[in-house]
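Hello,

Here is the structure for you to look through. My notes follow below it.

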Amino acid sequence: MPLISVSDNLAKKSFTSVENRFITKYLPVLEPNAIKIYLFSLYVYQNGLSSYSLEDFAKHLSITEDETKNYFEYLEEFELVSVISFSPFEVKILNADNVYGTPKKFKPEKYADFTKTVQNIIKGRMISTNEFREYFVLLEDYGFEQDALLMIITYCVNLKGDNIRFQYIKKVAKSFAEDGITTAKKVDEKLSAYTSSTPALLKIYSESGIKKQPDIDDDKLYKKWTVELGFEDEAIIAASKLFKAKTSEKIDEALSELYKSKKFDVKEIEDYCKNKNSVYTAALEIARALGVYMQNSAPYVENYVNVWYDCGYTFDCMKTIAVYCFKHNRKSFEDMHGFINGLYNDGIVNDSSVIEHLEKLETEEKFIKRLLDLCGLTRKVIAWDKECLTRWRSWNFSDEMLVEAAKLSAGKSNPMAYMNSILSSWKSDGTYTADKIKPTSPKTNSINSRAGRAEIEQHYYDLRHAAEDLAERALTSALTDEIYGKIDKDLKELSIQSAFAEIRNDGSAETLSKRIKELEEAGDRRLTELGINKDDFNPHYSCKLCNDTGYDEHGNPCTCMKKFLSSF
């Protein structure tokens with residue numbers, strides 16, 4: 001009868017496959033927890049549990065996430081797995097038939113004194129053969145001097161206690177090796193430098209309510225906070241308290257956020273935290289005003305609301321602008337960003353100037369709508385109407401005169417073009433008040449004697465809109481391409497970011513400018529592949545002097561109109 005047999009019921013159940021090579025070659029030498037990790041990894045993969053996270057993995061095996069990572073690194077040394085990413089943490093299981101995964105053989109007598117010293121340092125437990133083998137790997141593969149490694153082990157025991165796990169010692173030793181610190185002299189210098197920052201860390205942790213002894217990792221973070229990011233100790237303490245950070249990692253997250261927002265002083269940090277809730281509340285209210293659904297408000301706060309706030313716009317002012325943008329079909333944070341960028345460039349920042357400007361825009365739109373109604377048009381106000389109003393006012397016409405011109409244009413085939421010609425004629429005759437308006441001006445008679453005004457208007461309307469329609473169709477054709485469409489969208493976003501970067505002067509403008517240039521070149525290459533000429537995105541008017549309006553910038557009939565009239 002065989003040594004091992006199974007019941008019929010067991011034979012019918014599902015199984016997780018394990019290579020025989022793993023059982024014969026690795027099972028005898030691996031640490032027990034490492035075996036658990038490996039077998040459970042096979043189970044997760046073979047059962048299609050793709051949504052399993054590192055947290056789920058650790059929780060199921062009743063160990064911490066850090067311990068799980070350490071054991072995967074341990075298995076990696078045997079070439080049983082490969083850690084392909086640390087953020088997010090991802091592991092690939094390798095086959096067990098590799099050549100280099102066989103545990104190395106070490107001569108015990110070579111490290112006899114070393115092993116005795118290590119056991120004397122770690123008095124809280126017996127050190128296993130496998131753990132000693134790992135120390136030998138650190139000595140031979142990482143190049144540690146024996147005294148250097150003993151100093152690291154002593155440091156770790158003093159910090160964590162004499163029942164310390166090997167994984168922590170190995171982690172610290174590897175971090176030293178990564179910095180090229182493997183000799184006793186260099187380790188001593190490193191530990192001395194760490195000791196000099198310990199009092200500052202102890203004060204920070206004490207003030208923050210963090211109950212732990214600072215270690216090498218904390219020392220690295222402290223140097224990052226003070227040297228790389230430029231925070232003073234008092235600012236670090238203020239940040240940890242205000243952000244309620246109870247670990248060094250949470251303090252690091254808080255300081256990174258403050259660094260990005262350029263808040264370094266204690267007062268700045270206090271103001272930032274005081275307004276933080278207000279910022280998120282404002283983002284939600286702005287989104288509501290724009291009709292935008294936000295699944296996660298953080299990116300909107302970082303990329304838009306905080307930027308507007310730093311430029312001087314109050315939260316109430318932002319909400320007012322959001323309401324205006326929604327009413328005028330700017331229904332996204334990106335569109336509102338572009339509108340605010342325009343306001344900022346014109347120096348319109350404080351609440352009163354913004355409200356005054358928006359009221360002016362509203363008044364202008366109402367007036368344009370009135371002109372359209374008088375012309376007999378029921379459509380919405382478009383950009384062309386606003387350009388016309390700006391041009392007519394630059395010709396020194398009062399609103400009263402514009403109303404009179406609109407009345408005369410009612411019922412015409414192209415009322416806005418008719419208004420343009422009437423006003424141009426009045427400008428030439430010096431007619432700027434209603435009492436001087438004549439039934440027909442000399443220039444109007446001259447035009448009508450050769451061709452009907454309606455024919456002239458229709459002629460230029462057809463020319464202008466034919467050119468604009470071709471340009472619009474060319475652009476639409478390019479944007480329907482998925483690749484070019486994304487490039488165009490990214491370019492618009494980067495252009496806005498670049499404008500604000502130049503205002504903030506935070507050093508990112510050059511990077512953004514380089515990225516914009518790269519995208520423009522990529523867009524040009526894509527257009528070439530599509531056989532589309534970028535120049536076709538702009539209207540090609542038949543007359544470059546008047547852009548097919550019939551009138552030059554001074555409101556006088558263009559030379560092309562004279563040629564057109566000569567054909568009658």
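In what sense do strand β1 and strand β2 pair, and over how many bridges? β1 (residues 81-86) and β2 (residues 89-93) pair in the antiparallel sense over 5 bridges. Pairing needs at least two DSSP bridges between the strands. Strands are DSSP runs of E, at least two residues; helices are runs of H or I, at least four; both are numbered from the N terminus. A hairpin joins β1 to β2 through 2 residues. Phenylalanine 86 stands opposite phenylalanine 89 in β2.

A word on the source. This is a predicted model: local features need pLDDT of at least 70, side-chain atom pairs count only at pLDDT 80 or more, and totals for chains, interfaces and linings use all residues. Residues are numbered from 1 along each chain as its sequence is written, and side-chain values use heavy atoms, leaving out hydrogens and water.

Next, the cores. A nonpolar core is a set of buried Ala, Val, Leu, Ile, Met, Phe, Trp, Tyr and Cys residues joined through side-chain atoms within 4.5 Å. Buried means under 20% relative accessible area (1.4 Å probe, protein chains only). The largest nonpolar core has 34 residues. Phe114, Tyr135, Phe144 and Ile153 touch the most other members. α6 (112-121), α7 (129-141), α8 (146-160), α9 (166-178) and α10 (184-208) each supply at least two of its residues. The largest share, 9 residues, comes from α8. Another core, of 29 residues, lies apart from it; Cys311, Ile321, Tyr324 and Leu358 are among its members.

Best wishes

Notes
Buried < 20%, exposed > 50% of the residue type's maximum accessible area, 1.4 Å probe, protein only.
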